[in-house]
Amino acid sequence: MSPPAPARPSTPAPPRARRASRRAWGWFACLAVAALLFLVSLGAGSRGIPLDGVWRALVHRDGTAESVIVWQLRMPRSLLACVVGSALGVAGVVMQAVTRNPLAEPGLVGVNAGASFAVVVAISAFGITRASGYVWFAFVGALAAASAVYGLTARNSRTGQHIRLVLAGAAMSATLGACTGVLTMFNSQAFDSYRFWVVGSLEDRGTAALVASAPFVALGIAIALPLGPSLNALALGEETSTALGLRTRTVRIAGFTAVMLLCGAATAAAGPIAFVGLVVPHALRMLLGPDVRWLLVYAIPVGAALVLVSDVVGRLIAPPGEIEAGIVTAFIGAPVLMWLVNRRKGVRL
């Protein structure tokens, strides 16, 4: 009888597989944090509801006061925060990758300025004062401004196009900002309505803004996620990526289309919310490195979590009123960005 064969030592997983496994678990952890913040958002407000009360209201939709508050008042607002945060986070990653500029953010291509100008026109020319009414004007204005910026730069040669894109976006934003200022200066009604929209708020947006923006955000994310490998190649430079067979013009058009859809829908629904599209890519790049594929996937829950936190904090720090999410996001995002830019690793693409 032959002796039993010695047990073979188990083969350790290769480093790439272990890294992918850790990142996958990390993504689920971010998703869990965003889900917890979503529940907190359902309970936070002038009438606080504990988490167990929120859970009962979600499970038993019985017409009680807590059920009405959770389902009719705070559910659309919290879902809109998730949609807007995810859209701005993904758009920021795509924008910085396409322009190869670590300071690029969605508003840089004129999205915010175009939406603001369209909202002022809707208020002053058509008398529309409800968010559900001028959300479509804002969306069309954002798309028109971003399309004009890209059209002005796409006719030139491909060399340095990302630099011209940023400069044309800055010029377009300045021009539309001046036009918006002129209209609001001579129309006090437009100015009163516009100043509540321009700070970036999720209050009283209602289900209409959520329904209007969610399909465009879903389409933008569906376009952006498959671009990860191409954007990784684009980061190697124009000549190298072209030598590798990458169609840089096609990648830029697809990336810019995703940014227009994501930012246009988010800005139209909630107004300009700054720093989300700038901070999220830098924070994720510090944790995950420069791989755009993982940055895009992580930006969905992390962007949603950042806007949820800002909205909850804004509701809690000034009772019985609240501070708009766009203002709180700026207070949170500015110190974080200043800390990140002082770390060399954080600003590298």
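Trainee: Which residues form one aromatic cluster?

Mentor: This is a predicted model, in which residues are numbered from 1 along each chain as its sequence is written, while local features need pLDDT of at least 70, side-chain atom pairs count only at pLDDT 80 or more, and totals for chains, interfaces and linings use all residues. Side-chain values use heavy atoms, with hydrogens and water left out. Rings of Phe, Tyr and Trp (its six-membered ring) pair if their centres lie within 6.5 Å, and one aromatic cluster is formed by W25, W27 and F28.

Trainee: What kind of pair do the rings of W27 and F28 make?

Mentor: Searching the whole structure gives six aromatic pairs. In the one made by W27 and F28, the ring centres are 5.2 Å apart and the planes stand at 75°. Planes under 30 degrees apart count as stacked, over 60 as edge-to-face and the rest as tilted, so the pair of W27 and F28 is edge-to-face.

Trainee: What is the relative accessible area of F28?

Mentor: With a 1.4 Å probe and protein chains only, buried means under 20% relative accessible area, exposed over 50%, and partly exposed in between. W27 has 21% and is therefore partly exposed. F28 counts as partly exposed because its relative accessible area is 49%.

Trainee: Which residues does C30 touch, not counting those up to four places away in sequence?

Mentor: C30 sits in helix α1, residues 15-43, where helices (H or I, at least four residues) and strands (E, at least two) are DSSP runs numbered from the N terminus. The C-alpha atom of C30 is 9.6 Å from that of A299, although 269 residues separate the two along the chain. With contact meaning heavy atoms within 4.5 Å, and leaving out residues up to four places away, C30 touches Y298, P301 and V302.

Trainee: How many helices and strands are there in the chain?

Mentor: Of the 349 residues of the chain, 48% count as buried. Among contacts between residues at least 6 apart in sequence, 75% join residues at least 24 apart. The count of elements in the chain is 14 helices and zero strands.

Trainee: With which residues is S78 in contact, leaving aside its neighbours within four places in sequence?

Mentor: S78 has its place in helix α3. It counts as buried because its relative accessibility is 0%. Once neighbours within four places are set aside, S78 is in contact with F38, S41, L42 and L308.

Trainee: Which helix gives the most to the lining of the largest pocket?

Mentor: On a 1 Å grid over the protein atoms alone, a pocket is an open set of points with protein on both sides within 12 Å along at least five of seven lines, a cavity is a set where a 1.4 Å probe fits but cannot get out, and lining residues have an atom within 4 Å of a point. The largest pocket holds about 440 Å³ of space, and of its 19 lining residues the closest to the centre are L73, R77, E203, D204 and E322. With seven residues, the helix that gives the most to this lining is α3.

Trainee: Which element gives the largest share of the lining of the largest cavity?

Mentor: A volume is the space filled by probe spheres set on grid points, which are joined across faces, edges and corners, and about 40 Å³ lies in the largest cavity. Its lining consists of V135, W136, F139, A212, S213, A265 and A268. The largest share, three residues, comes from α5.
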